[in-house]
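Student: I am new to this structure. Could you take me through it in short steps?

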Amino acid sequence: MDKEKVHINIVVIGHVNSGKSTTAGHLFYKLGGISKKEMDTLENKAAELNKDSFKYAWVLDKLKAERERGITIDNSMLNFETTKYRCTIIDAPGHRDFIKNMITGTSQADCALLIIDSTPDGFGAGISNNGQIREHALLAYSLGVKQMICCCNKVFIFSALLKLYLIFYFYNSFMSLIIIYLDRWMPLAPYLSSIGMKKL
């Protein structure tokens, strides 16, 4: 008899417009969780509304209001399996107005995927005092999420002329991120360490 697979809930969190739903939807599509035909339907609907870049986000964002506004309002979940695990992806909203929904989704999670917009404006907005990167990381930790993956998104936007360097390093046995942009550096690792994140 085969051993039963371990079930894990993975919440996708981060600042609004960092690409959380798009990343999760694209991952789900690549894992075979949605057929090519269904993806083509979503692509056509997105094109009709002149929102071509939202096709993967709409795998998770199914509410009419979410599609019209281009933001996640409520949590949505998708399931997939690996050879060892049964996984549920919980796509949590990033907009400050829907923080209660983010807390609800995160309270069910075993680990988190923190999506970070790597564009200078996006990262600056997300890490600022009004941004959601810090708040989501702290809330996730407070709700019992002790394992977090930092995912650097939107890297494809940059050219060599922007002098953007993404440096990954191990800090206290925890994969962390520093972004250096035009002689300014914004460390995320010390913040994640200060709230208690570390390798289990």
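Tutor: Start with two terms. Two strands pair if DSSP finds at least two bridges between them. Helices (H or I, at least four residues) and strands (E, at least two) are DSSP runs, numbered from the N terminus. This is a predicted model: local features need pLDDT of at least 70, side-chain atom pairs count only at pLDDT 80 or more, and totals for chains, interfaces and linings use all residues. Residues are numbered from 1 along each chain as its sequence is written, and side-chain values use heavy atoms, leaving out hydrogens and water.

Student: Which residue in strand 5 stands opposite Ala 112?

Tutor: Strand 4 and strand 5 pair in the parallel sense, over six bridges. Strand 4 covers 111-117, and strand 5 covers 148-153. Opposite Ala 112 stands Met 148.

Student: What is the order of the strands in the open sheet?

Tutor: The sheet has five strands, with mixed pairing. Strand 2 and strand 5 each have a single partner strand, so one side of each is left without a neighbour in the sheet. The order is 2-3-1-4-5.

Student: Which strands does helix 6 touch?

Tutor: Contact means heavy atoms within 4.5 Å. Helix 6 (residues 133-142) packs on the sheet, and its direction makes about 155° with that of strand 1. Such angles run from 0 to 180 degrees between N-to-C directions, with axes fitted to C-alpha atoms, for helices over the stretch in contact. Helix 6 touches strand 1, strand 4 and strand 5.

Student: Why do the buried residues of helix 2 line one face?

Tutor: Buried means under 20% relative accessible area, exposed over 50%, partly exposed in between (1.4 Å probe, protein chains only). The buried residues of helix 2 are Met 39, Leu 42 and Ala 46. They line one face because, seen down the helix axis, they fall within an arc of 60°. That arc is taken from the directions from the helix axis to the C-beta atoms.

Student: Which exposed residues sit on the face of helix 2 turned away from its buried side?

Tutor: The buried residues of helix 2 pack against helix 1 and helix 3. The face turned away carries Lys 37 and Glu 48.

Student: How many residues has the largest nonpolar core?

Tutor: A nonpolar core is a set of buried Ala, Val, Leu, Ile, Met, Phe, Trp, Tyr and Cys residues joined through side-chain atoms within 4.5 Å. Among those with the most contacts inside the largest core are Phe 28 and Val 59. Helix 1, helix 2 and strand 1 are among the elements that each supply at least two of its residues. The largest core has 20 residues.
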